[in-house]
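Dear colleague,

I am passing on to you the structure that we spoke about, and below it you will find my notes. Please read them with the model open beside you.

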Amino acid sequence: MLGFISFHSSAQNLIPLQWTVKFEKNAISKDVSLLRSWERQGVGYINCKGAISTSFKIPPAHQDSSYTLEVSLRMDIENILINGNKIGGDIVNHFQWSKKPKYPINTFSISAEQLNVDQVNTITIQFSSLSYTGGFSHNQVSLFPQNGKKTSELQLSLNKEDHCYSRGEEVILQVNSNIAERGNAIIKVRNDFSELLLTKEVALNKEGSNTFCLTDFLSLPGFYEISVTCNNNGYTGGVKWLTIAPTEVEDIDVAPVGFNAYWSQALDELAQIEPNFSVTRVDSLCSDEKNGYVVEMQSLQDKKIKGYFFTPKQAGVYPAILHLPGYGYGFNNIKGFKNNSDNVIELALCVRGHGISKNAFPFDNSPGFFGHEICNVDELAYRSIYMDCIRAVDFLYSQKMVDTTRIGVFGGSQGGGLAIATAGLAHDRVNACAYFDPFPCDLNNHIKTRTIVADEIKGFLDFYNNSCSYEQSIQNLSFIDTKFFSQAITCPVYYTTGLFDDDCPSRLGFSAYNKMSAEKKYTIFPNDSHIGESGYYEESMSFLKKELHF
């Protein structure tokens with residue numbers, strides 16, 4: 001059995017994993033689990049202030065004990081209350097974009113007098129904001145006797161390393177348990193739309209392996225979350241994701257009427273603008289391996305776009321990779337480019353509003369790239385941003401050192417969406433494409449799998465005084481949906497995805513992938529979030545190296 005990940009708790013942890021969240025803004029209450037990320041449960045940063053609460057009991061056997069409360073939550077905590085009494089507060093969450101984040105655990109001593117023995121106790125945590133997570137909850141609240149803490153854990157694994165199954169293939173869940181006493185656990189299966197498909201009570205051994213066949217409940221192509229929770233004299237649990245036949249997932253969406261004409265017009269507009277390419281060598285960008293430059297070019301709306309350009313020291317003709325940025329990312333860390341000893345040219349493009357091209361986007365009168373002019377289809381930010389990418393391809397074609405038969409595009413998240421759009425719009429000039437969980441992509445399913453997207457869109461409409469309907473805004477955004485470019489791609493494609501990604505869930509990237517008729521392949525990282533813990537960058541670069549022959 002492969003793919004072990006543990007969720008550590010305590011055998012004496014008396015705090016349930018299931019809580020209720022209530023927001024000040026709309027007074028709506030919702031059940032949430034500390035095992036799952038906020039955004040998988042339809043809540044997140046956009047919901048702002050509120051409180052989470054749950055109830056628990058103190059067994060009579062521990063009535064004279066003092067307790068330790070441990071709290072580590074992805075939120076800005078204002079107050080922690082037990083039975084209405086303040087225990088602590090003023091805890092600021094600092095999200096870590098890290099493959100192995102180390103979040104502090106806040107510890108509080110709780111006396112027996114503060115608790116009701118063998119009666120219902122309540123714990124309420126008031127917060128001012130919820131944190132982005134990328135896919136993993138990183139949440140923990142535990143209460144245990146100070147003299148009785150014991151480690152308890154469940155280890156979940158599946159019988160395929162990448163958690164990717166074909167139709168009808170046997171799906172076996174193994175739960176290795178080390179718990180306080182033998183008893184029952186609850187297995188829940190949800191799809192990526194958070195629809196509960198199965199709740200099954202099963203017996204667990206106190207120690208050792210427990211095996212369960214889930215094949216009968218997982219027959220249709222799709223993406224599924226499996227959670228296991230246990231309360232055997234203490235709460236603990238774990239989560240896994242898997243997929244069934246992802247290349248067979250149906251997607252009936254078609255490009256909006258006028259899609260091709262819309263983009264032909266954008267390309268024609270770009271062609272009318274003199275590119276005015278300029279290349280300036282910058283000593284701090286140079287190394288023993290590469291010469292480094294800042295390049296400038298004129299793009300749509302006559303905006304000046306910039307990027308970092310790296311070429312091998314020795315004169316010659318080389319393949320080139322166009323690196324495209326994540327949302328708001330400006331390639332702040334260029335060490336990897338300038339120290340890359342491979343015989344390849346690399347252009348790290350800062351599209352408008354990003355990095356050294358930040359001034360080319362009107363932040364003061366815009367809710368952001370995705371929501372910019374959402375009611376005016378001809379002024380959407382991504383119409384211009386995609387043209388920035390095409391202008392970058394024009395630039396590479398203008399360089400004598402670039403072998404124009406070996407040009408690749410690569411990006412993750414927004415960069416992945418930009419890579420798909422570029423490979424589609426410039427299909428006759430791009431020779432390889434690699435992308436990780438893309439955005440904006442498959443909007444209709446994005447709203448269903450990450451429901452706060454709908455709230456974001458409503459916020460954009462409020463910014464523009466609701467000058468169009470929600471339905472019209474969705475229709476407008478369909479013109480920038482990158483999955484509709486994928487059919488035009490003719491070069492080899494490599495898609496990487498993390499099944500825990502709640503920002504750009506795997507379904508979205510496969511919606512684009514499944515429309516491609518070009519040569520293609522994919523890799524699934526079953527225990528990765530949107531952060532890409534397993535190293536999709538390295539995998540993608542290996543693909544590009546093979547396809548572009550460097």
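Gly44 sits in the loop that runs between strand E3 (29-33) and strand E4 (50-57). In this predicted model, Gly44 has a relative accessibility of 0%, and because buried means under 20%, it counts as buried. If residues up to four places away in sequence are set aside, Gly44 touches Trp38, Glu39, Leu130 and Ile452. A separation of 40 Å lies between the C-alpha atoms of Gly44 and Leu396, two residues that are 352 residues apart along the chain.

Another buried residue is Thr68, which has a relative accessibility of 12% and belongs to strand E5 (residues 67-72). When its neighbours within four places in sequence are left aside, the contacts of Thr68 are Thr107, Phe108, Ser142, Leu143, Phe144 and Gln146.

As for the backbone, most residues other than glycine have a negative phi, and most peptide bonds are trans. Asn83, in the loop between strand E6 (75-82) and strand E7 (85-91), has a positive phi near 55° although it is a residue other than glycine, and with 25% relative accessibility Asn83 counts as partly exposed. Glu373, in the loop between strand E23 (345-350) and helix H3 (381-398), likewise has a positive phi, near 50°, and its relative accessibility of 27% makes Glu373 count as partly exposed. The peptide bond that leads from Phe439 to Pro440 is cis, with omega near -10°, and Pro440 itself lies in the loop between strand E25 (432-438) and helix H5 (443-449).

Which strands form it, and in what order? There are 5 strands in this open sheet, arranged as E12-E18-E17-E14-E15, and their pairing is mixed. Strand E12 (164-165) and strand E15 (196-204) stand at the edges with a single partner strand each, so one side of each is left without a neighbour in the sheet. Strands of a sheet pair through backbone hydrogen bonds, either parallel or antiparallel. Strand E17 (residues 222-231) and strand E18 (residues 235-244) pair in the antiparallel sense, over 10 bridges, and Thr229 stands opposite Gly237 in E18.

Turning to the chain as a whole, it has 9 helices and 27 strands. Its radius of gyration is 26 Å, close to the 24 Å that the globule rule gives for 550 residues, so the chain is as compact as a globular protein of that length. The C-alpha trace spans about 80 × 50 × 50 Å along its principal axes. Of the 550 residues in the chain, 59% are buried, and the accessible surface comes to about 22,300 Å², with 46% of it belonging to carbon and sulfur atoms. Among the contacts between residues at least 6 apart in sequence, 75% join residues that are at least 24 apart. The chain carries 47 positive and 60 negative charges, and the mean positions of these two groups are 3 Å apart.

With kind regards

Conventions
Residues are numbered from 1 along each chain as its sequence is written. This is a predicted model: local features need pLDDT of at least 70, side-chain atom pairs count only at pLDDT 80 or more; totals for chains, interfaces and linings use all residues. Side-chain values use heavy atoms; hydrogens and water are left out. Two strands pair if DSSP finds at least two bridges between them. Helices (H or I, at least four residues) and strands (E, at least two) are DSSP runs, numbered from the N terminus. The radius of gyration is taken over C-alpha atoms; the globule rule is 2.2 Å times the number of residues to the power 0.38. Buried means under 20% relative accessible area, exposed over 50%, partly exposed in between (1.4 Å probe, protein chains only). Contact means heavy atoms within 4.5 Å. Accessible areas come from the Shrake-Rupley method with a 1.4 Å probe; for residues, only the protein chains shown count as cover. Lys and Arg count as positive and Asp and Glu as negative; His and the chain ends are not counted. The place of a charge is taken as NZ of Lys, CZ of Arg, CG of Asp or CD of Glu.
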